[in-house]
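Trainee: I would like to learn how to read a protein structure. Could we go through one together?

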Amino acid sequence: MKYRILLTLFVYVIGSWWLRAQEVTPPTHTDAGAVTDTTLPPAIAAPDTLPTDTLAADTTRKGALEAPVAYQATDSIVMTSTNMAFLYGEGDVKYQQIQLQAEEIQMSMDSSTVFAKFGLDSIGEEFGYPLFIDGGDQYESKTMRYNFKTKKGYITDVITQQGEGYVTAGRTKKTETDALNMVGGRYTTCDDHEHPHFYIQMTKAKVRPKKNIVTGPVYMVFEDVPIYPLGLPFCFFPFSDTYSSGILMPTFGDESARGFYLRDGGYYFAINDYIDLALTGEIYTKGSWGLSAKSSYRKRYKYSGNFLVSYLVSKYGDKGLPDYSVSKDFKVNWTHTQDSKANPYLSFSASVNFATSSYDRNQLNGLYNPESTSNTKGSTVNITKRFPNSPLSISGTMSINQTTRDSSIAVTLPDLTVTLSRIYPFKRKQAVGKERWYEKISMSYTGYFRNSISTKENLLFKSNLIKDWTNGMQHRIPVSATFTAFKYLNISPSFNYTENWYTHKIEQAYDRQLGRMAPTDTTYGFYRTYEYDASISASTTLYGFFKPLPFFGGKKIEMIRHRFEPSISLSARPDFGASKFGFWENYVYTNDRGEQVETYYSPFSGQLFSPPSRGKSGSVNFSLNNNLEMKVKSDKDSTGFKKISLIDKLSLSQSYNMAADSFKWSDLSIGLRLKLSKNYTLNLNGTFDNYLYTYDEETRTARQIDKLRWGSGKFPRLRSTGTSFSYTFNNDTFRKWFGGGDEESGQQENTDASSEENNNLTGPQDEEGKKGERLLGKKKETGEYDADGYLKGEIPWSLSFNYSMSLGYGTFNPNKMEYNYRITHALSFNGNIQPTKNWRFNFNATYDFDTHKISYLTCNITRDLHCFQMSASFIPVGPYKSYTFSIAVSSSLLKDLKYNQSSSYREGQQWY
């Protein structure tokens, strides 16, 4: 019995001694191990379970550290006789490139071991989490023990950013090679580290910072719900911040018309520091496939650009059935920009957007891009050579214009231009005395060579260079001078010479079946036409000033100024339709009614450069330009006055041909420009018809007669006019209209300027602060607040309109003997709104006034789901009704974690 009592007392004493080691020890305690054990789990803090070689130095004392250890704290530093140091309040320990920051840090001088943990505020909230920085790597945790000599450590609740994602783990060991061995780790791209919306649960993992992560069995977890079927036996996450080649993983999905697909998979070639190449492909289960090559290149201070070529084979329907079809399409995009400083005498640029007419219709994503669905596409490649110390320059251009509506294409290759800028051939090199009159004579030269074709896409590469392509050359030489007479009158004589070269001419004859003149024979060879004209003009500028009476606003109106610019010119040219020139042919035929008809045609009509026109000319041209401005008193302007444009420009012009035998007066042209606001200017241009019309009942055609409207008591009739209007409404529109907008914008500019100044002043500090940016305990963004501390409830939105209108002659009305007017409208509008921080909606539409319907409408809706992105695009009207819906991880690293659903316009959705 007594032995049993002794044994019980012995166990009690030993147990009491062991339990005492687990109590919180004040800083004056001499047992270093007792201090650090208080923050570790019992299984780790027990001396018999914690490996000594991973956290503390060996029992045999090693040499001193390779560098001194610097440490500091904002509250206090307590040193003990056992070479222990306790840092309270934003402790900071630095050793070589290693830095450890925490609210509380304990250091053992003998074992070179540090232990860091967070602190608790007065309400029990955690703050000051340990942050470990080793060169470019950083880890944040709740507790951390590290040995400077062995470079090993033990971390709990660690979090570190690797690539685009975050790695967290409950227990982690850091090895001397900087690798992290984790148990119960998680990988996510969600920045809500403590409660991520989704993550990949890693049972075991080894993290090599900035290199890769290798894991054991993993499975997905969404909103804390484990999805075990979405699991893998292992995973490999590569990270690289260097430029390297690699495999491009494809995206997957399904399309009802072409089946399941793998898209955008291939290989990326990092060729060198200046150029790369991505070869990708796509394949569908119903037989469709495609290949693409995309490259970007850039050389600093030289040039930059990108290139894309794509080939797509689309198969629809079932083979052997009437609805089966195969479409082969390709697309070429090329953009090249040369730096202006690279070569001032040689420039090269390219903007190529070429695709077959059905390519965008077979690419589902292209349907939701307004540029891809436009009826026209244009491509241009240009190279220009300038010669130093010379007025000569040479430019070469290739241009392609497509109309996808009817698959027509127009190609010009090449389009060469030789330009000699204005020179003064009679100007003396060393002038003495006044400038002589003949020294003011100047001349220039412009030469064009063009080779073009207009055809269908499928016939372009089957065309004949000689028979199907049209080509020609034109030379222009203008000679002019300007003299001043009577001090205020400007006299400007000029002479223009134009010559055209052709490679063929087309003979014509009357075709009874067609009932008109038609081509009969084409003769190939070298042919030329030429024309010239001379003119002289006189112009001046007059000013008039008017001071309104006081009761008409004269107190505030300082002055009204009228600027009047009259101009008159006389021009003359011979009749190049005369037989002596040989540019026009006279042809006489008998029509179906047995009448002799005499007509003229030019064998060079319809070519790239038009032949000289028929009829001699001796015209007198009149033009008047007016400008009306008003100066008013203004307290806002520093000068005390402000100029207001009443009529920015009002112009009138007309000509009278003295050499013509009929229709001597030209149409009256009038132009009006009004500056209605700072952002909008109204432009109106119109032409007025001066002559009357008659109607032929037999041919049912209208014909102009040589009888002026003035002689019949009528005013000239508007023949054509047009204008366009565009405006954007947004949050600031009404503030600008009703006041306050300028002031707020000024305050915003001042705020932005002060913010930028502060950023500049604290730039170097911010760089280092960014390096140690905290992940744990990070405050969540709750929105923007105004100066009074209230949450801003502004909803950003914008709505843009673009309207154009043209009015012209339409059908002829025999009863009124006038043409009926025809109005052509075009309206397009687009808008976007952000009702909340994460919701966005935008649309783009065009309205057809002929059918009174919306001809094209695309809508896009996006929702930012924090670490996910939801998007939906749909076309609810028109022939391309379709939709696409997607929910995907925002990070490109996990882009395959997504759900897609889409339809094709070929399915013919009936939504309403």
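**Reading the model together**

Mentor: Let's start with F237, which touches Y187, I200, K211, N212, I213, T215 and L894, leaving aside residues up to four places away in sequence. Contact here means heavy atoms within 4.5 Å. This is a predicted model, where local features need pLDDT of at least 70, side-chain atom pairs count only at pLDDT 80 or more, and totals for chains, interfaces and linings use all residues. Residues are numbered from 1 along each chain as its sequence is written, and side-chain values use heavy atoms, with hydrogens and water left out.

Trainee: Which residues touch the most other members of the largest nonpolar core?

Mentor: A nonpolar core is a set of buried Ala, Val, Leu, Ile, Met, Phe, Trp, Tyr and Cys residues joined through side-chain atoms within 4.5 Å. Buried means under 20% relative accessible area, exposed over 50%, and partly exposed in between, using a 1.4 Å probe and protein chains only. In this model the largest core has 39 residues, and I105, Y187, I213 and F237 touch the most other members. Another core, of 10 residues, lies apart from it and includes V352, V381, I400 and W469.

Trainee: How much of the chain is buried?

Mentor: Of its 912 residues, 33% count as buried. V207 is one case, with a relative accessible area of 0%. V207 touches Q162, V167, D178, A179, L180, M182, N212 and I213, not counting residues up to four places away in sequence. V207 and V167 are 40 residues apart in sequence, with 8.8 Å between their C-alpha atoms.

Trainee: And how many helices and strands are there in the chain?

Mentor: Both are DSSP runs numbered from the N terminus: helices are H or I with at least four residues, strands are E with at least two. The chain has 8 helices and 52 strands. V207 belongs to strand β14, residues 198–208, while T397 belongs to strand β28, residues 392–403.

Trainee: What does T397 touch?

Mentor: Leaving out residues up to four places away in sequence, T397 touches T380, V381, N382, T412, P414 and D415. With N382 there is also a side-chain polar contact of 2.8 Å. A polar contact is a pair of N or O atoms within 3.5 Å; within protein, one must be able to donate a hydrogen and the other to accept it, and residues adjacent in sequence count only if both atoms are side-chain atoms. Q402 also lies in strand β28, and the side chain of Q402 reaches the backbone oxygen of A355 at 2.4 Å. Q402 counts as buried, at 2% relative accessibility.

Trainee: What pLDDT does the chain average?

Mentor: pLDDT is the predictor's confidence in each residue, from 0 to 100. The chain averages 80, and 84% of the residues score at least 70. Over residues 1–63 the pLDDT is below 50, and this stretch has 51 contacts in the model beyond near neighbours in sequence. Residues 741–772 also have pLDDT below 50, with 10 such contacts. Where pLDDT is low, the predicted coordinates should not be read in detail.
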